[in-house]
Amino acid sequence: MTLAVRYTAARTLDTGPADTRSPGPGEVELAPAYVGICGTDLHIFHGDMDSRVATPAVLGHEMSGRVIRVGPDVEGWQPGDAVTVMPLRWDGTCPACLTGHQHICQKLDFIGIDSPGAMQQRWTVPASTLVRLPESVPLDRAALVEPTAVAVHDVGRAEVRGGERVVVVGGGPVGVLIALVARAEGADVRVVEPSAHRRRFAADLGLLAWDPAAGDVPELVRQWTGDAGADVAFEVSGAAGGVDTAVDVLGVRGRLCLVAIHPRPREVNLHRFFWRELTLIGARLYDRADFERAVALVADGTISAERLISKIVPLTEAPAAFETLEAGGDVMKILVDCTDETEAATV
């Protein structure tokens with residue numbers, strides 16, 4: 001019997017038998033190794049996405065693992081291959097797909113939300129979603145490829161260039177990853193984060209982080225930039241105050257990249273947009289090029305994936321791990337170890 005972590009109702013997770021099936025044409029069966037818990041998973045756990053999630057739902061889309069079996073008509077993959085999954089299934093016929101934007105398909109199946117995810121010991125997915133991992137990358141670190149791909153996409157959408165001044169509002173895992181990717185592009189980066197633990201974490205990675213409660217962030221940016229303002233701001237906090245800060249730090253023709261999911265409409269200083277000719281950019285998900293770039297950044301150590309991993313727990317302890325993340329504290333990323341020890345020797 002294989003196991004899965006299942007969401008059954010608001011704030012209710014259990015560990016029970018997985019509804020596994022053999023791979024069909026164009027599909028592969030995977031043995032997930034490590035699965036990260038992200039902010040979207042917490043939204044599901046809180047019951048905020050019940051209109052979209054069919055229960056019982058297997059969560060998880062930040063993963064690494066190995067191919068176990070390949071279905072008919074699958075080429076280029078074989079058992080034992082190390083992979084991650086770009087968890088998007090699009091229809092190919094909607095207006096977004098027809099204009100080349102399949103990653104935001106208007107009928108998108110986000111695997112792990114709209115269909116069963118990776119937090120299980122066996123997982124069947126379309127072969128088209130697989131992204132190859134170098135054998136040199138440990139599988140626990142490779143579970144950070146998906147959130148790194150988010151950061152790569154965000155930085156690309158904002159068109160960050162070398163020498164630009166960038167402010168990241170929100171120093172959680174995705175905010176830190178955005179800061180690291182922007183720095184890799186040659187930008188000068190500052191992170192705004194109220195949590196002392198997260199500021200220390202950013203500092204340990206060589207990032208300068210400001211406490212918004214300790215000073216006037218727009219004034220700090222004015223002094224830093226010689227009164228010019230930032231070229232780019234990323235709003236990753238999901239808070240109304242974060243929106244205000246991200247707008248206020250921008251200089252003339254600055255770009256605001258909206259990354260966080262805001263659960264309700266926010267007031268925005270549109271006069272500031274008019275006065276400084278600002279640009280608002282939405283950033284959602286990623287495409288294959290973003291994933292491949294993320295694999296390279298994790299593989300070469302540009303992204304210190306191992307330092308973002310706060311804890312690894314066995315699959316049976318995943319429900320408690322959700323509560324740990326919900327409580328906050330000195331935690332960045334928790335991984336769930338989905339390894340099926342009884343069959344490890346066959347992989």
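Ala, Val, Leu, Ile, Met, Phe, Trp, Tyr, Cys and Pro are counted here as nonpolar, Asp, Glu, Lys and Arg as charged, and the others, including Gly, as polar. In the predicted model, the lining of the largest pocket comprises 21 nonpolar, 15 polar and 10 charged residues under this scheme. The volume of this pocket is about 1,600 Å³. Its lining consists of 46 residues, and those nearest the centre are C38, G39, T40, H43 and I261. At least two lining residues are supplied by each of the helices α1 (39-45), α4 (145-157), α5 (173-184) and α12 (318-327).

The second largest pocket holds about 470 Å³ of space. It is lined by 27 residues, with D19, V58, S115, P116 and Q120 closest to its centre. Two or more residues of this lining come from each of the strands β1 (3-9), β4 (57-58) and β9 (123-126). The largest share, 4 residues, is that of β9. Classified by residue type, the lining of the second largest pocket contains 14 nonpolar, 5 polar and 8 charged residues.

Aromatic contacts were also examined. In one of them, F274 and W275, the ring centres are 6.1 Å apart and the planes meet at 55°, so the pair is tilted. F274 and W275 are both exposed. For Y286 and F291, the ring centres are 4.9 Å apart with the planes at 85°, and the pair is therefore edge-to-face. Both Y286 and F291 are buried. A charged side chain also sits over a ring: R132 lies over the face of W77, at 4.0 Å from the ring centre.

Definitions and conventions:
Residues numbered from 1 in each chain as written. Predicted model: local features only at pLDDT ≥ 70, side-chain atom pairs only at ≥ 80, totals over all residues. Heavy atoms only, no water. 1 Å grid on protein atoms, 1.4 Å probe; cavity = no way out; pocket = protein on both sides within 12 Å on 5 of 7 lines; lining within 4 Å. Points joined across faces, edges and corners; volume = space filled by probe spheres on them. Phe/Tyr/Trp six-rings, centres within 6.5 Å; stacked < 30°, edge-to-face > 60°. Buried < 20%, exposed > 50% of the residue type's maximum accessible area, 1.4 Å probe, protein only. Lys NZ or Arg CZ within 6 Å of the ring centre and 35° of its normal.
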